[in-house]
Amino acid sequence: MIMLRDIRKVYTSASEEVVALKNISLHVKVGEFCVLKGASGSGKSTVLSLIAGLSKPSSGEVMVDGKQISKLPDTFSAHFRRRNIGFIFQKYHLIPTLSVKDNIIVPLIPENLPLAQIEQRVQNVMEKFSIAHKATSMVKYLSGGEQQRVAIARALVNHPKIILADEPTANLDATLSMELMTIFEMLKNEGVSIIVATHDPLFFDLACVDSIKEMKNGEIVS
Amino acid sequence: MTLTPEIIALLMLDALFLFFSLIALVLSVRIFLKWDMHSTHALQYSLEKQSYLVSVVIKYIFTLKIPLFLFFIFTCNKLSNIITGAMCAAGVVNSVDFGLYLTVFKIINLYFFGFWLLLNRADMKEEKLPFTKLKFLLFILFFVPLLAEIVLEISFFSSLNISKIVSCCGTLFSAASTSYLSLLFKVDKTLVVGIFYFFAFLIGIAYFLKNSVVFIFANGMFVIFAIVSLIVFFSTYVYELPTHNCPFCLLQKEYYGVGYVMYVTLYIGTFFGIGGTILNGLLRSDDRLFLKISLLFDTLYVLIVSAYPLSYYLKNGVWL
Amino acid sequence: MKNKINLFLVEYAINALVRRGGKHFFIGFIFTFLIFLLSSTLFISDAIKLELGSALHALPEITLQRFVAGKQSDVPIQRVDALLDIEGVKSAIPRVWGYYYFKPAGVNFSVIGMDAFSRQYTQTLQTIVDGIDMKALEKENGMIVGEGVKKILGANYYQDFFNFVTSDGQWKKVFIAGTFNASISLEANDMILLPKKIAYEIFGMDTTRATDIVVSVSNPKEISMVVNKINLLYPDMRTITKDDIRVSYQNIFDYKSGFFLSLFMVCAFTFFIIVYDKLSGLSSEEKKEIGILKAVGWSMDDIIKEKFYESFILSLGAFMLGICFSLFFVYGLQAPLLRDIFMGYSNLKPSFNLPFSVDGGMLCLLFLLSVPIYIGATLIPTWRASILDADEVMR
């Protein structure tokens, strides 16, 4: 499903070269729940953005669902991302001045689908995460838990095959974290591949986690 | 130099186009030289981003070029009020030696940039971006006529002299004129009209035989003979005057601006006929959409211009 | 083929405009104002051109002035008969007229001498004269004045009469017998009509001479031929055709509006630098938003489109608003302040209504002068925003 082969990623700024990733190889199967653990700055987020096609490797290749995503031109990688990948960010990263519904619609906009179809999908996902009653409230007035559910709804509105989560529990209290775990478990049972980048120990002894990779200074150490 | 508001608008947009097209040129040269789809170097990624700027800029220029072409003719028509002797845009355009070249460049550029956008669209549809090098090479080539047009237009407006007496279209477009345009009138009218209909017919044949080469050729000849026959034959029926042969007066209010409709249909028809078919060749596709559009608009043009002499004949029982 | 306009994207763009209201309101406001200024100027100058055009319509086809040593001089009246002999000439009328400088108010009056029986050379004058008994006027030593003249004289305590100072320093007392209404205001506002005899006296002219001669031609297509013949017959006479006057007026106003437009361009240029700057400086909020959009699957193309819709909606809105304001300002309020720029040549002139003269060509011109240029200013900032790295949001 997801294959990273000999990835090297170098950031070049005016004065120096920073090696963010070296010799990364990773394989994640369909329906696998993979945790990337490591301190901040170890390169976990970069791996996620490579998988999503948001950034491109300096060498090596990234295959996702049989497609070499690192070689796709922007229009196609965006299209691919839209169809196959759902993102959950550390601080939810919603657009605070839009309503719940408008936030969830955002990934659907470039598809230019008929209105009824969009409404249907948004409604479904809002009900699934029980935020339908807040559909028209502005996101910035919601509680943390509600915001998190909006963020997850947005990630899932396109029925992605892969979920990428970047420090999803960093800002959550214990209850909300547990709620998130249940959602991940549910998604895994639906056959979704999940990759979580985190240093939260909560994930390390979770029953549903299939593999744990530890990263340090841009390398996978175990 | 006369600075009417219209001229200032045209000159200002020219300056803007010049600025943007220079940026696009520099980027195009870089992309053309360094483009490598397989490279994972940071340079390639930044070239990819820059290619977007080029296409945005060209889209911007082209979308404005079409209305600006019509606006240019409109401005010349309006200037003919000030310039002594000119009755319509023809006199104004010809009041400067290179006025005709300017118009020709403007028309050529409309075809070139339209084609570039078609190619760009086709390119962006493919994962491998197969035409990227080609399209940037083409832009570098197309920059020459674009620059020529802009330079000619600026010098055209700055050398317009309102106190100079110019000829009106009546003398320009007649056999008596000494210009090379008069050559047109030495040829037999019926022959020209015959050739025009012949190529219209050939377009139809090529469409059904699915022969792209003939289709392109016929469309190319069709534009030329459409314009020639419009000058020597069809325009007289629009004006209902046997001596009035002008391709510009058609655009005036007296004739309900029918010229705009004629020129736009002719452009769309032949543009898709030539550009669309060439693109199909590049794509090795036999999508008939462009050909259909082309055939539709070419036919429409033939119908519009034919309607005038026919209705004249039906009304008066004689030909002009 | 997906060529449909993506309405959701448009909606998102409108939403984005509203959400960042402060920034866009400022730009929108100034842009509206600029368009308002620009369109008002062009509307006014076009309206004046139209008004002049209708005034010119009434002018004689050919005016003949005699030049002696490069200066305009009086024409011997007997030349009229010779002119009438030229084929194609319908009529030739000698005119006696001139400007009278009224020092206390610092203005020029147009003084025109009239005959009781002669046909008038313009429609306007004819209507005026038709309503007047010239013979009575001559007898009672009276004159008919335009409303503007009446006002100025009244302000200087000349209620019933006026003392002209003739060229030899004498006072010539002329009674104000009446005024004519200002329906043909632009040309008649500063006019004084009086019998020819008095006009000769005021200007100190020889009665065998005239100021100039106006010639009308039966077939307008023969004007240039008649002009040639007159030039052959009287080399010292300059012929001014109606067309010449029209062209020179057109030039003056094109020049004036061109000049104004050039100034406007400087303002506009400054404005676009501001736009460029404002749009280039993305707040971290905006950067984050673009990162989010990319992460959830927007392509650069989608972002460029969204930003394009934003600037198109903003500029089109400002364009329409600016046009509406200036339509109201120019035709509703008669353009206070601004019209003076265009009519600064006499205190007496400005008292006519600007006729409505907006057409499609004018709207196209205004559109081309504003919207495409605004969008041009946003092209590079838009592209810059679209290539932002989405990595920003990952940290």
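## Where chains B and C meet

Chain B brings 31 residues to its contact with chain C, and chain C brings 31 residues as well; contact here means heavy atoms within 4.5 Å. This is a predicted model, in which local features need pLDDT of at least 70 and side-chain atom pairs count only at pLDDT 80 or more, while totals for chains, interfaces and linings use all residues. Residues are numbered from 1 along each chain as its sequence is written, chains are lettered from A and ligands numbered from 1 in the order in which they are written, and side-chain values use heavy atoms, with hydrogens and water left out.

The size of an interface is often given as the accessible area lost when the parts come together. Between chain B and chain C the buried area is about 2,800 Å², and carbon and sulfur atoms give 76% of that. Buried area is the accessible area (1.4 Å probe) that two parts lose on being put together, summed over both.

## Helix α1 of chain B and its partners

Let's look at helices that take part. Helices (H or I, at least four residues) and strands (E, at least two) are DSSP runs, numbered from the N terminus. Helix α1 (residues 5-34) of chain B packs with helix α14 (residues 360-386) of chain C at an angle of about 20 degrees, and their axes are 10 Å apart. Axes are lines fitted to C-alpha atoms, for helices over the stretch in contact, and angles run from 0 to 180 degrees between N-to-C directions. α1(B) and α14(C) are therefore roughly parallel to each other (angles under 35 degrees count as roughly parallel, over 145 as roughly antiparallel, 65 to 115 as roughly perpendicular and the rest as oblique). Among the residues of α1(B) that meet α14(C) are B:L13, B:L16 and B:F20, and those of α14(C) include C:L368, C:P372 and C:I380. By class, this contact of α1(B) with α14(C) has 14 nonpolar residues, one polar and one charged. Ala, Val, Leu, Ile, Met, Phe, Trp, Tyr, Cys and Pro count as nonpolar, Asp, Glu, Lys and Arg as charged, and the others, Gly among them, as polar.

α1(B) also has a partner in helix α10 (residues 242-280) of chain C: their axes come within 9 Å and cross at roughly 35 degrees. Here B:P5, B:I8 and B:M12 of α1(B) meet residues of α10(C) including C:D254 and C:M265. The contact of α1(B) with α10(C) has five nonpolar, three polar and one charged residues.

## Where chains C and A meet

Now for another pair of chains. In this contact, 29 residues of chain C touch 32 residues of chain A. About 2,700 Å² is buried between chain C and chain A, with 60% coming from carbon and sulfur atoms. One salt bridge is found across this interface of chain C and chain A: the side chains of C:D302 and A:R82 meet at 3.7 Å, N to O.

## A salt bridge within chain A

Over all chains, the structure holds 28 salt bridges. One of them joins the side chains of A:K44 and A:E167 (3.0 Å, N to O). A:K44 lies in helix α1 (residues 44-51) of chain A and A:E167 in the loop between β7 (162-166) and α6 (174-189) of chain A, so the pair ties together parts that are 123 residues apart in sequence.

Key. A salt bridge is a side-chain nitrogen of Lys or Arg within 4 Å of a carboxyl oxygen of Asp or Glu.
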